[in-house]
Amino acid sequence: MSLTVAIQMDPIESIDINADSTFALALEAQRRGHSLYHYLPRNLVLREGRVSAVGRPLTVRRERGNHHSFGEPERLDLTAMDVVLMRQDP
């Protein structure tokens, strides 16, 4: 069964792919065939009782300096996601 996973995290451009646990989770989810989306906390909104975010489809790979690519931004209805993973560095 394929899932749709939205990931709220720090900017993926600046992560250390060898130490970031969220990146490891994303790699494994993708390996299992799940669809990934990435959004930043500043793009999260609550409007008329609905939680959504502007996010982008995400592809990850274990290649330093080329570890991700994005699709076009879109409004994500987070209630329609199978998983919403919210992780931030303090």
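The following legends describe close-up views of a predicted model.

View 1. S52 belongs to strand 4, which spans residues 50-60. With a relative accessible area of 10%, S52 is buried, because residues under 20% count as buried. The side chain of S52 makes a polar contact of 3.2 Å with the side chain of R75. Beyond the neighbours within four places in sequence, S52 is in contact with N43, L44 and V45, and also with R75, L76, D77 and L78.

**View 2. The buried side of helix 1.** Helix 1 comprises residues 21-31, and its buried residues are T22, F23, A26, L27 and A29. These residues lie on the same side of helix 1 because they cover an arc of only 165 degrees around the axis. Among the elements covering them are strand 1 (4-8), strand 2 (35-39), strand 4 and strand 7 (83-86).

View 3. Just after helix 1 comes G33, which adopts a positive phi of about 95 degrees.

**View 4. R56 and the ring of F70.** The charged end of R56 is placed over the ring of F70, at 3.6 Å from the ring centre. As for pairs between aromatic rings, a search of the whole structure finds 0.

Methods:
Residues are numbered from 1 along each chain as its sequence is written. This is a predicted model: local features need pLDDT of at least 70, side-chain atom pairs count only at pLDDT 80 or more; totals for chains, interfaces and linings use all residues. Side-chain values use heavy atoms; hydrogens and water are left out. Helices (H or I, at least four residues) and strands (E, at least two) are DSSP runs, numbered from the N terminus. Buried means under 20% relative accessible area, exposed over 50%, partly exposed in between (1.4 Å probe, protein chains only). A polar contact is a pair of N or O atoms within 3.5 Å; within protein, one must be able to donate a hydrogen and the other to accept it, and residues adjacent in sequence count only if both atoms are side-chain atoms. Contact means heavy atoms within 4.5 Å. The arc is that of the directions from the helix axis to the C-beta atoms. Rings of Phe, Tyr and Trp (its six-membered ring) pair if their centres lie within 6.5 Å; planes under 30 degrees apart count as stacked, over 60 as edge-to-face and the rest as tilted. A charge sits over a ring if NZ of Lys or CZ of Arg is within 6 Å of the ring centre and within 35 degrees of the ring normal.
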